[in-house]
Structures are given as structure tokens and as C-alpha cells.
Amino acid sequence: MDEMTLVDWSRLQFALTAGYHWIFVPLTLGLAVIMATMETLYVVKRDEFWKQTAKFWMKLFGINFAVGIATGIILEFEFGTNWSNYSWFVGDIFGAPLAIEGIFAFFMEATFFAIMYFGWNKVSKKTHLVATWLTGIGAAISAVWILVANSWMQHPVGMEFNPDTVRHEMVDFWALVLNPVAISKFFHSVFSGWMTGAIFVIGLSSWYLLKKRETRFALASIRVAAVVGVVGTVALMASGDSSGIHVAKYQPMKLAAAEGLQDGGPQAPFSIVPGVEVPGMLSMLATHDFNGYVPGINDMLNGYTDAEGNVHLSAEQKMERGKTALKAFNDYRALRDTDPVKAEQARKVLDENVEYFGYGYIDSPQELVPNVDLVYWAFRVMVGLGSFLLLLMVVVLWAEWKKKLEGMTWLQWVALLSIPLVYLAGQAGWIVAEVGRQPWVIEGLLPVKAAVSSVSVAAVQTTFWLFVAIFTLFLVIEIRIMINAIKQGPKISNK
Amino acid sequence: MITYEFLQEYWWFLISLLGGLLVFLLFVQGANFLIFIAGKDEDQRQLIVNSTGRKWELTFTTLVTFGGAFFASFPLFYSTSFGGAYWVWILILITFVFQAVSYEFQAKQGNLLGRTSFRWFLVMNGCLAPILIGAAVGTFFTGSEFVVNKNAVGNIGAPVISQWQNDLRGLEAVGNPFNVEFGLMVFFLAVCLGALYLLNNVSHAALERKLRSTLKVFFLLFLVAFVAVVVQVLLMPGFAVDAEGIVSMVDGKYLTNFLEMPIVLGLFLVGAVLVVVGIVMTLFKKGYRCGIWWAGPGTVFAVMAIFMLVGYNGTAYYPSSADLQSSLTLANSCSSEFTLTAMAIVSLIIPFVVAYIAYFWRQMDKKSLTTEELNHSEKY
């Protein structure tokens, strides 16, 4: 293997932080809905049992929440520490959602989290219930804004390049917020959180069933979680479908990588695993039309004409125009103070080619292809596990409906052992989204290698290993504490 | 008329406000520093941890929002300082990361490292975070070694616009005594605020006595650092920027700024007086526990004035000592007019956010925290 460069280490560090962050966040999103539903049942039914049930899951929520916050702050500041060029080049657009996230969502979470935990005897029952819901809603609102920011990286809209300030500048705030990619990404991420929360609760409750203790608590928890989980996962799949359409439209290279599609065309097949294909299915999924044109990797590298007759440039041509844009940029910057006429000419050339600005940094067409094997398999892991987990929740819900769950030891085992799978599916999803976008940090605009900070490789290596140690330590401690809390159990009578 | 310049100054005002609130909320750090100094037994330590434990997320969130707001309004600072002073920011982050998990982990079974270790993480964050943040703000007066060249974007092989000029990546700031004094001043202030907050929030006779004597010591330390810093600020040359954006060194720039901006001077003096009044009343009036309500707002005002001092009146707020013309000013580092306008509209929600935080804070803190309460309700 070639020696890893600064960009590789910086990406690895960001991936590490984001990956760890995404262990804790989906559980926060999903468990919030489940325990708020339980507390609602307590307030409505006036049954102390539901209060104790909600309180037990809140305890686990809190342990998990803290580590999510810890990894989150690093993520925010890493845009500056490790991607400083990015921070300037698109900070005018990207900074806004992060600030809004803080003002709107984080304060809400922080304030109501404290009430949820310590306010049982300090505020009224109803205020407490509202606080619990607002903690979860705050988490979901924070997801809105960070995903608006992320979606803009996948499909940049509402901005214009300004060579005088040397950055992209926002020209349409609502285009950014209502970016179609952002909308499906928000639902896809939040509902994946519901699935995570549901599997977590079902799995752990199954452990109580296997141990034949806290039976009433376990079955009640399973009922709430399975309903939330099934609803969430159906919505997850719907948003996944619209995500697929967006990827086909805005990031065809990511789609081709996820399918390992070298040569595309109309009636493109969908690959289940290598060698097993469903004819025309990819066209159907990507364009909702069996005859829809889906370009393959080679088509995109060599240039192609799609079904509507639109001509797509080859990689070489895009790189050529990117180099032209960069040269025009340099000319403009050199001449703008001394020769306004020539500067204006350079500006015109820049404007004509600015769409390909990022391609100017690319050295060879092969750089434009992400890691196909990784994206291909990550996609299969995500979809495969997601489908399995939906099936599992439906079966669990059915079994509980028929009052058979308590006796079905095998199903309880399957549910318990499925807890790691939901995390694997979530991580795989982000690998598809982020590795599939390579080499771009912002699709088509800025490659990762032009976005990275000018820090020494040794410094990033040091912080990378430091974070590996710290996050792993936290994860181990969190799991140990959770296991202890679970073993102690909610201590609710079975009456 | 809302001009681009107005928006830049408005956003600097918000940054100043967030900076002020952040330093006030560092009472959490200051109080945590006292876990072992003031907390003489398990009951007392538990009270301190649980008292700050109900506020720490506000401090943490303010830090995150401070970062986000700086990113949105002055992205060149985000790019230059975070990417440049790498080690300082990473250190600050790490101390906060340990703090974030320590509350939840410290008293739970299975926490691997034991209760004392996690409390030491809180103590560490309690002293390092204020010192480092303070020292970083100190460089707003003394400058840092960086060069900004926006033309670099056109250089395919080396497109990074901000380049730090030394390998210490921000740690060199401690080589300048002013930055160290600034950091210590913020730290001593945080401890004073922490003691005032605990006196207000916790009810425990022995702990109160110890807090009052600790407050006395840290107040004296704070006064010494404060006077040293203020005298130097008034005497030092400052980084001025003219209408064309040319940066130059001007003798007595900060003194001039104070004199030319009487509102800022007034804000600073009122702030300083409130801090002193809050502490002195607590020290000399028996049983007085409302010092934090004087010193807290006082801190917000004084810190706001300091930010305004370095940002307004033709001053480069993040100066470069390596290349004067690379210094960051409000005009050359801010977001576009469109973004500042959009964010200005967003900012109108801030009073509402502050109001609901204040409302629920009151709801939660009607009664002082006691060991009795901790034994009968949820606790860390």
C-alpha cells in the first residue's frame, strides 16, 4: 500500500469521529420517541408502571447521550481544525446551518434534558412530559440542520462562486433548506434512529424474557418499541427510495459505485450480490422506469448521452475545463487591480467554466471513481440488514399480538443478537453516503485534497490515535455501565 | 438603513455576547475546579458535582454555538485559527470531551476508572479550559503567526489559503506572558464565579464556609491578574485597520478605542464593578448568597466590552504578527451580505431562547440543592 497522505489521515480521523458519533446519535433519536411515548402512557393512564418503565429507558438514554455530545463537539470543530480550506471556501453557506443548529436545537436539548432528568419533583407532570418530548424533538431538529449541511455537500445548491472573496456564497437560503436531498436524508437518518431505538429496546427486553424476569416491563417495552420500529422502518424504506432517485440524479457516480455498474444504459440490472442480478431493476429504482438510462462508471469517465439527449462530458473534458477555470481564476486575481478589461475577460472565461472548477484539481480520471468494493458491499449490508430487521420487528409484533412471544425463546435470542446488526446497518449507510461521494468533499466543486488544512501528517496521526483511544475507552465504559444498569433492571413488580 | 458594515458589526456584537455568556457560564468549570479543594467529604463533593451537573450542558452548548456562530459569520477566523492553532483547540476540545462524559460516568457501577478519576477529569477541565480559552483570547491582542493568501486557491498543488508559520501550532501563545496572564485571569474569575454559584445553589454549612474562604483567595488572585492585564492593554500598541483595509501598529490603540467608544468603556467599567460588588458583598455580608447575580451579568458585560474593544473602531480582531496584512478584520473575514442578513433574521430568536432557559432555570433552582434532596431523587 502507498504511504497514507495528509488527506488520507484527515479523512480517516473525520470518519472515525463521525462513525463513533453515529453510534450514539441514532439511539438518542429513537429511544427519545420510545420513552416519550411511555411517559405519555403514564400521564394518560395514570399508571405508575409506565413511569417506572420510561424512567428505566431514560437512564440508558442519559448514559448514551453524554458520549454523543462528546463526539459531536469534536466533529463540529474538525471542520476548522482539519478542513480549514473547506471552512473558508464554503463557510459562507456551510456555517449557517451549524449556527442555527446550536441556537435552535442544542439549547432546547440541553434545557429540557436537565428537566427530564432532575425535574420529576420540581415541575408538574405535564410540564415534565413536554420536556421529555422536547428533548427528543430538539435532537430531531439538530438532525435537520446538520443534514441540511451534509446534503449541501452531496448536492450543492443556492450558491455562487465569487472570485473576489475566493469562495462560494449563499444566494438562496431556502434552496439550501429545501434541498430535496436534505429532506429525504433527514427522514432517512431520523427513521434509521427509530429503527435503532426499537431494536435496542426489543433486544434488551428479550434478554429479560430469556432470564424470566421483569416480564411485564419487557413485554410492554417491546410493544411500544415494535410499533415505533415498524412505523419508522417503513418510512425509512420510503425515504431510502427517494434517496436513491436523488443519488441517481445528482451523484450518478455514487450510484454506479454502489451497484458496481461498470457499463450502464437503459434497462440497467440491479445486482443482489455479484453474479445475481434482477434485469431492469436498477433502472426502475433509479428512475422509476424500467427503460430509464443509468450510466455506468465507464460511461461517466468516457462521456455519454442520456435518454433525454443530454450530452455529459468525459472526465478528461471536465478536467480540461476545470484547468481552464483555475487558470482564468489566477488571471483574474492577477489582473483585477491593474487591468480591468483583461480581468473582465478572465472573469467571463471563469464564469463559463466555473461549474467544473473542482475538476481542475483532479490529476487523473481514475481519481473520480470512489472505492467501488467498499461502497458496493456497504450498500448491501445496509439494505440487507435493514430488511431483515424490519421482518424481525414485524414477527415480534405479531408474536406479542398473539400473546406467544413469552414462549418463543428462539425469537428472543434472535432479537437480542440483532442489536449489533442495527448499528452495523447505520454505519454501512454512512459509508455509502460519504465514501460514495469521493473524491469530493462537495460534489463536483471541491475535492478533499483541496479542502484539507495545512497541518503536518504527524499531527493528524497523533490526534487520530488519541481519538481512537479516547472514543474506544468511552465506548467500553458506556457498554459496561449499561450492562450493569440492565442487570440491575427497572425493579418493577410484575403486577 | 441596514448596510453590510452594520451587519458585520451586528454579528460581532453577537459574537461578543456569546463570548460574554460563555465566560459567565465557565462558573461550571470554576466550581468543578473546587471539587477537592472546597469539597472536604463525599457529601460535599457530590453536592458540587450535582449542582454543576445540572448546568454544564448550557456551558457546553454555548461553546458549540459560539463556534457555530463564528463559523457562520466570520468563516475566515474558523479556517485560520482552528486549522492553525491546531493543538490549542484540540486540547480545549479534549478537556471538554472528558467533562461531557464524566458527570454521567463518575458514580455509576462499571465505570472502569473509578469515581475519583472522573472527578479529576472535571477538575482538569475546570482549570485547563478557562486558561486555554483565556490565552486564546489573549492572542486577539498580541497576534499569532499566520499568513492568509486567498490566491492560493488557484495553486493546484498547494491550495490552502491559511498557513500557520510555526510547528507549535498555537502552543507558542504561552511564550507571551500577556496571554498567560489573560488565561489566568479568566481562570481565577471562573473559580470566583464557581464559588458564587455554589454558594447560591447549594445549601451546606461546612461547604459554604470553605467556599467563602476560597473565594477570598481567588478574588485576590483575580484582582492581581486583572489589574496586570488591564494596565498592559491600555499601554500596548494595537493592530489598527484603515478604510482601505491596510493594517498597521498604532501606539495606545486600545486606550484610544476605549476613549473613542465611551459606551464600550462604560460597559467594561459597569461589568468590572458588578463583578467586584458581587464578590465583595458575598465576602463581607454574612449569609449573603446572591453574589452570582451581580458578578454573572458583570462578567457578560466586561467580556463583551473586551471583544468590542478588539473588533470595533478600525481594529484587527485576530491579528497576525507574522504578516500584518494577513490580520483578520471584521470586513475581510466575514460572510457575504446575504448570509449575514439571513443569519441576522435567525438571530431574532435568541431573546426567546434566553427567556425559556431563564424561565426553566428558575423553575429548577427554586430551592437550594441539599444532601437531603440528593438522597431522595435522581442524581449523578
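**Entry 1. A hairpin in chain A**

I began at A:V273, which stands opposite A:V276 in strand 5 of chain A. The model I am reading is predicted, so I note its limits: local features need pLDDT of at least 70, side-chain atom pairs count only at pLDDT 80 or more, and totals for chains, interfaces and linings use all residues. Residues are numbered from 1 along each chain as its sequence is written, chains are lettered from A and ligands numbered from 1 in the order in which they are written, and side-chain values use heavy atoms, with hydrogens and water left out.

I then looked up the partners of this pair. Strand 4 (residues 270-273) and strand 5 (residues 276-278) of chain A run antiparallel and are joined by three bridges. I take two strands as paired if DSSP finds at least two bridges between them; helices (H or I, at least four residues) and strands (E, at least two) are DSSP runs, numbered from the N terminus. Two residues lie between the strands of this hairpin, and A:G275 has a positive phi near 95° there.

**Entry 2. Backbone features of chain A**

I listed residues with a positive phi that are not glycine. A:Q267 has a phi of about 50°, and I found A:Q267 in the loop between strand 3 (265-266) and strand 4 of chain A. A:H288 has a phi of about 55°; A:H288 sits in the loop between helix 10 (281-287) and strand 6 (293-294) of chain A.

I also recorded a cis peptide bond between A:Q438 and A:P439, with omega about 5°. A:P439 belongs to the loop between helix 16 (419-435) and strand 9 (440-442) of chain A.

**Entry 3. The two domains of chain A**

I read the domain bounds, which come from an automatic or database domain assignment. Domain 1 of chain A covers 6-247 + 441-487, and domain 2 covers 265-361. Their C-alpha centres lie 33 Å apart. The contact (heavy atoms within 4.5 Å) takes 13 residues from domain 1 and 16 residues from domain 2.

I next noted the buried area, that is, the accessible area (1.4 Å probe) that two parts lose on being put together, summed over both. Between domain 1 and domain 2 of chain A this is about 1200 Å², with 59% from carbon and sulfur atoms. In domain 1, A:F161, A:P163 and A:D164 lose the most area to domain 2, together 39% of what that side buries.

By the rule used here, a side-chain nitrogen of Lys or Arg lies within 4 Å of a carboxyl oxygen of Asp or Glu. The rule finds one salt bridge across this domain interface.

**Entry 4. A salt bridge within a helix**

I counted salt bridges over all chains and recorded 20. One within chain A joins A:E48 and A:K51, whose closest N and O atoms are 4.0 Å apart. Both residues lie in helix 2 (residues 48-81) of chain A, three residues apart, about one turn of the helix.

**Entry 5. Chain B against chain A**

I asked how many residues of chain B are in contact with chain A. The count is 78 residues of chain B against 89 residues of chain A. Between them the two chains bury about 7200 Å², 74% of it on carbon and sulfur atoms. In chain B, B:F71, B:Y86 and B:M364 lose the most area to chain A, together 9% of what that side buries.

I found two salt bridges between the chains. A:K122 and B:E373 form a salt bridge, with their closest N and O atoms 3.5 Å apart. Helix 4 of chain B gives the most to the side of chain B that touches chain A, with 14 residues.

**Entry 6. A hairpin in chain B**

B:G238 stands opposite B:V250 in strand 4. This hairpin has five residues between the strands, and B:G245 takes a positive phi near 90°.
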